[in-house]
Amino acid sequence: MQNIDQVFLYMKDEIEREASNEEKAILDEVKALEEDIYESMKAEAQKDADLKMKQEIEEMTSNASTEISESHIERTKKLIEKRDGYVKTIFNEAFEKLVAFTNSDDYVSFMFAKVKKIANNFNEDSVMYIAEKDLKMKDELIKVFGKNIKVEVSSEIIIGGFIVENRDLHLIVDETLDFALNNQKEWFNKNSGLIIK
C-alpha cells in the first residue's frame, strides 16, 4: 500500500531531479549565448578599431554596451519563459499523478488513515469538506471519524483529500492534496535554484 508521505517524497525527488536537469540545460544555453555574443562583439570591435579613430571607437563601445544590455534583457526574458514552462510542465505532471492516485484503492486507505489521525481533535459540531467525487465515501468517512459530523462538498477541492473545520474550537485541518501540491510549488520556487539573474 502506497503511503502519501512516500508519494510526496517521490514527488520531491522527481521535482528536484527534473529541476537539476532543467537548471543544467538553462545554464549551458546561457553560457553558449554569452560566448556567441562575446565573440561576435569582439570581432566587430577589432574590425572597427582598424578603420576608425579613437572617438569613433568610443562611440562604438557605447553603442555596443547598449546592444549588450538589450540582448541581456531579451535573453533573460527568454530564460524566464523557458523556466516557467518547465515548472508548469513539472507541476502539471504532479497534478495528473495525484489525480490518478485519487482513483486508486490506496487513496481510500490514505483518506481513512488521515481522518483517524485528526479525529480526536474535533467534536460532533465539526464539518468535513470533500471533493464531489469523494461523496461516495461519505458514510465510511463519518464511521472512521467516529463522531456524527456533517460532510459537505467543497468546490475548492479539485484533486482530493479533505478539510475539517470546527468554528467553535477555531480549528481547521487541511489534508487536501490540492493544499499539499500548492505547498510543494512554493517550496520548489524557493529552493529549486532556478533563479534568473
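**Surface and burial**

How much accessible surface does the protein have, and what share of it belongs to carbon and sulfur atoms? The accessible surface, calculated by the Shrake-Rupley method with a 1.4 Å probe, comes to about 13,000 Å², and 50% of it belongs to carbon and sulfur atoms. Of the 197 residues, 32% count as buried, a term that stands for under 20% relative accessible area (1.4 Å probe, protein chains only).

This is a predicted model, in which local features need pLDDT of at least 70 and side-chain atom pairs count only at pLDDT 80 or more, while totals for chains, interfaces and linings use all residues. Residues are numbered from 1 along each chain as its sequence is written, and side-chain values use heavy atoms, with hydrogens and water left out.

**Overall layout**

The secondary structure comprises five helices and four strands, taken as DSSP runs (helices H or I, at least four residues; strands E, at least two) and numbered from the N terminus. Along the sequence they follow the pattern α-α-α-β-α-β-β-β-α.

**The nonpolar cores**

A nonpolar core is a set of buried Ala, Val, Leu, Ile, Met, Phe, Trp, Tyr and Cys residues joined through side-chain atoms within 4.5 Å. The largest one has 30 residues, of which Met 128, Leu 141, Phe 145 and Phe 162 touch the most other members. Among the elements that give two or more residues to this core are helix H2 (54–102), helix H3 (105–119) and strand S1 (127–130), and H3 gives the most, with seven residues.

Leaving aside neighbours within four places in sequence, Leu 141 is in contact (heavy atoms within 4.5 Å) with Met 111, Phe 112, Val 115, Met 128 and Ile 130. A second, separate core of five residues includes Val 127, Tyr 129, Ile 157 and Ile 163.

Key. Buried < 20%, exposed > 50% of the residue type's maximum accessible area, 1.4 Å probe, protein only.
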